[in-house]
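Definitions are given where each term is used.

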Amino acid sequence: GTTTTGTTTTTAATTTTTTTTTTTTIATSTSTTAAPTTVFTTSQPITSKAPVQCAISQTYGCYAAGSLPFNAPSADAWEDCAANCYNSGYTGTAGIQKGNQCWCSSQAKPVGSTASGCNIQCKNNLQETCGGSNSMTQFTFDCSSSLTYYSCNGNKCEEDPNGVFTSSDCAGTCSNGKSGMSAGGVVVVVFLFALVVPYFLFGALFMKFAKNEYGMGLLIHREFWTGLPSLVTDGFRFVFCMGSKTTSTYQSL
């Protein structure tokens, strides 16, 4: 009886040890323990944007390589990869495999099947693992920038977190750097060059060769044009004086 009891006790201990080992293995690959939110500023911005500040909000553990759809520029730490994803327009999940290959997703959750072998230390942070030869370390992140970015929406420059301009006029590119002429401006130009210029040009030629005029005499309809300023002045005075004198007439001016 004593021998049987001892055997049973030994077997139970063995079972407990095995269960503990299995639990530890699973925790290594699928841990959802929140990581410290220490802020890290990337030292290698990948676009014309200023460096952004990123914090790792949650780690998902080890997943199959290639689980995330977008390949961003390489990174040597989780925070570097997070900044690269953020600057590429992704704000969901990021992951690193093979030591420095950075991948991104717009889904704020783990993607793909769980795996093991995430044992490559990140070059810029030895406390982090940057996946393995056939596995990827996945995590979510929060990033922010001290600058406001803009992009063109038609002819308007509007705020856009994924924009590339830091000036509120988008560096004048929304209208291709050209200011279009209004319809009224086109009418004025056509009027000047199609009617006014030929009128004075051909009028001067007529006065010179048909009337033998010179100097001011070349101005066709000279009496009208020289008297035009006084006519305009009289018109303004007539309009503005109508309200003050009920008996005003054009002759009284």
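Arg 237 is partly exposed, with 42% relative accessibility, where partly exposed covers the range between buried (under 20% relative accessible area) and exposed (over 50%), computed with a 1.4 Å probe and protein chains only. Asp 234 is likewise partly exposed, at a relative accessible area of 24%, and it forms a salt bridge with Arg 237 in which the closest N and O atoms are 4.0 Å apart. A salt bridge here requires a side-chain nitrogen of Lys or Arg within 4 Å of a carboxyl oxygen of Asp or Glu, and by this rule the count comes to one. Because Arg 237 and Asp 234 are three residues apart in helix α4 (residues 222-241), about one helical turn separates them. Helices are DSSP runs of H or I with at least four residues and strands are runs of E with at least two, both numbered from the N terminus.

The model is a predicted one, in which local features need pLDDT of at least 70 and side-chain atom pairs count only at pLDDT 80 or more, while totals for chains, interfaces and linings use all residues. Residues are numbered from 1 along each chain as its sequence is written, and side-chain values use heavy atoms, with hydrogens and water left out.

Asp 76 sits in the loop between β3 (70-72) and α2 (78-87). Beyond residues up to four places away in sequence, Asp 76 is in contact (heavy atoms within 4.5 Å) with Gly 99, Asn 100, Cys 122, Lys 123, Asn 124, Asn 125 and Cys 130.

Helix α2 is mostly covered, with 10 of its 10 residues buried, among them Trp 78, Cys 81, Cys 85 and Tyr 86. Just after α2, Gly 89 adopts a positive phi of about 95°.

A nonpolar core is a set of buried Ala, Val, Leu, Ile, Met, Phe, Trp, Tyr and Cys residues joined through side-chain atoms within 4.5 Å. The largest one has 20 residues, of which Cys 81, Cys 85, Cys 102, Phe 139 and Phe 141 touch the most other members. Two or more residues each come from β2 (53-64), α2, β4 (93-97), β5 (101-105) and β8 (135-144), and α2 gives the most, with six residues. Leaving aside residues up to four places away in sequence, the contacts of Phe 141 include Ala 82, Cys 85 and Tyr 86.

Phe 202 belongs to helix α3 (residues 183-209) and is exposed, with a relative accessible area of 54%. Phe 202 is one of the residues making a nonpolar surface patch of about 1100 Å², which also includes Phe 191, Leu 195 and Phe 209.

## Overall fold

The protein has four helices and 10 strands, running α-β-β-β-α-β-β-β-β-β-β-β-α-α from the N terminus. Buried residues make up 26% of its 253 residues, and, among contacts between residues at least 6 apart in sequence, 55% join residues at least 24 apart.

How values were computed
Patches are made of residues with over 30% relative accessible area and no salt bridge: like charges are joined within 9 Å, nonpolar side chains (Val, Leu, Ile, Met, Phe, Trp, Tyr) within 5 Å. Accessible areas come from the Shrake-Rupley method with a 1.4 Å probe; for residues, only the protein chains shown count as cover.
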